[in-house]
Structure formats: structure tokens, C-alpha cells
2 protein chains.
Amino acid sequence: MSSKKTVYVRLKEGVLDPQGVTINKSLKQMGYDDFISVKFGKFFELEVKADSADIDRKIKEVSEKLLSNPVIETFTVENN
Amino acid sequence: MSSKKTVYVRLKEGVLDPQGVTINKSLKQMGYDDFISVKFGKFFELEVKADSADIDRKIKEVSEKLLSNPVIETFTVENN
């Protein structure tokens with residue numbers, strides 16, 4: 001038995017988002033003028049053992065240590 | 001006025017996920033044995049003009065042409 005959690009990682013406000021900037025430019029060049037802004041983010045779909053003790057704390061820990069860079073990024077966790 | 005849409009891009013089943021593999025290994029090395037698997041994905045938060053005509057088609061188009069690689073990736077669109 002297992003359960004699923006998703007960790008979403010976003011750049012903090014004010015941090016340069018080069019992928020977002022590039023995609024914005026490309027959209028304009030391709031003639032799409034309906035888009036005001038694009039922000040890039042990443043996510044991690046974690047499959048965890050159902051009987052894991054203290055799993056929310058562990059997910060917070062690995063999100064801070066491994067999945068994100070707390071200096072420039074924030075994360076949110078969602079139960080699936 | 002604007003509205004928000006999020007495009008989630010995932011690797012197709014069976015396509016090698018190097019980031020996922022690396023994070024899985026790191027979790028084991030760090031002593032976390034509660035995690036069965038990790039899958040990596042990316043997302044794009046689009047801010048679109050509220051009066052855009054035919055916006056769903058355009059988002060599908062840019063998702064196929066620019067935001068994902070249809071050979072190895074799939075995408076889903078969510079209204080926020």
C-alpha cells in the first residue's frame with residue numbers, strides 16, 4: 001500500500017525566472033499576444049509507503065534539503 | 001483583467017526520468033526509506049488576457065509546440 005504526495009517548487013517573487021522569460025519572448029515571436037506572463041515551476045510526485053510514520057515532517061525535510069533551494073525557491077505539498 | 005491557467009508537463013510512461021532517478025538515489029543515501037518512487041515534472045503558470053478569443057485552443061497549441069516535447073512528454077491544462 002502506498003499514498004501519493006506532490007511537492008510543487010516555485011521561484012520566490014523577485015527571483016529571475018530565465019525559463020519564464022524565454023518562453024514569454026518565444027510566445028511573442030510566434031505571434032501569440034494573449035499571454036501576459038509565464039512562470040516556470042517544477043514538481044515531484046512522491047509515492048510513499050502507507051505505513052510511514054511522521055511522513056509529513058519527512059516530506060518537508062526532503063523538500064527543503066533536496067527538492068528545492070530555500071534561498072530562491074518556495075514549495076507547497078499536496079496530498080493526491 | 002486576466003485569468004490563470006497552469007500547464008503541467010510529465011514524461012510519458014516508460015521514458016527515462018533522470019532527475020527522478022537521481023532524487024530516488026539521494027533519498028536512499030540520506031537514509032529515507034519511506035519513498036517508493038519519485039517522478040519529476042514541470043509546470044507553467046500562464047496569465048492570459050481575460051478577453052482572449054479561443055484561448056483553450058491557443059494554450060493547447062503552445063503546450064504542444066513550445067512547452068512540451070510531444071515525443072516524450074504529455075501535458076494537462078488546469079484552470080486556476
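**Entry 1: the second largest pocket**

I looked up the second largest pocket and found a volume of about 210 Å³. This is a predicted model; local features need pLDDT of at least 70, side-chain atom pairs count only at pLDDT 80 or more, and totals for chains, interfaces and linings use all residues. I noted that residues are numbered from 1 along each chain as its sequence is written, that chains are lettered from A and ligands numbered from 1 in the order in which they are written, and that side-chain values use heavy atoms, with hydrogens and water left out.

My terms came next. A pocket is an open set of points on a 1 Å grid over the protein atoms alone, where a 1.4 Å probe fits, with protein on both sides within 12 Å along at least five of seven lines. Lining residues have an atom within 4 Å of a point. Points are joined across faces, edges and corners, and the volume is the space filled by probe spheres set on them.

Which residues lie closest to the centre of the second largest pocket? I found A:Leu11, A:Lys12, A:Val15, A:Asp17 and A:Lys39, out of 15 lining residues. E1, helix H1 (18-29) and E2 of chain A, together with E2 of chain B, each give two or more residues to this lining. Helices (H or I, at least four residues) and strands (E, at least two) are DSSP runs, numbered from the N terminus. E2(A) gives the largest share, four residues.

I sorted the lining by class: six nonpolar, three polar and six charged. Ala, Val, Leu, Ile, Met, Phe, Trp, Tyr, Cys and Pro count as nonpolar, Asp, Glu, Lys and Arg as charged, and the others, Gly among them, as polar.

**Entry 2: the largest pocket**

I read off about 330 Å³ for the largest pocket. Its lining has 19 residues, with A:Glu45, B:Arg10, B:Leu11, B:Glu13 and B:Lys39 nearest the centre. Strands E1 (2-11) and E2 (35-49) of chain A, and E1 (2-11) and E2 (35-49) of chain B, each supply at least two lining residues. I counted nine charged, five polar and five nonpolar residues there.

**Entry 3: where the chains meet**

I checked the contact (heavy atoms within 4.5 Å). Chain A and chain B each bring 35 residues to it. The buried area is about 3300 Å², and carbon and sulfur atoms give 65% of it. Buried area is the accessible area (1.4 Å probe) that two parts lose on being put together, summed over both. B:Asp34, B:Phe43 and B:Glu45 supply 19% of what chain B buries against chain A.

**Entry 4: salt bridges**

I used the rule of a Lys or Arg side-chain nitrogen within 4 Å of an Asp or Glu carboxyl oxygen. It finds four across the interface. In one, B:Asp34 pairs with A:Lys58, the closest N and O atoms being 2.9 Å apart. A:Lys5 and A:Asp56 form another, at 3.3 Å. This pair joins strand E1 to helix H2 (residues 55-67) of chain A, 51 residues apart.
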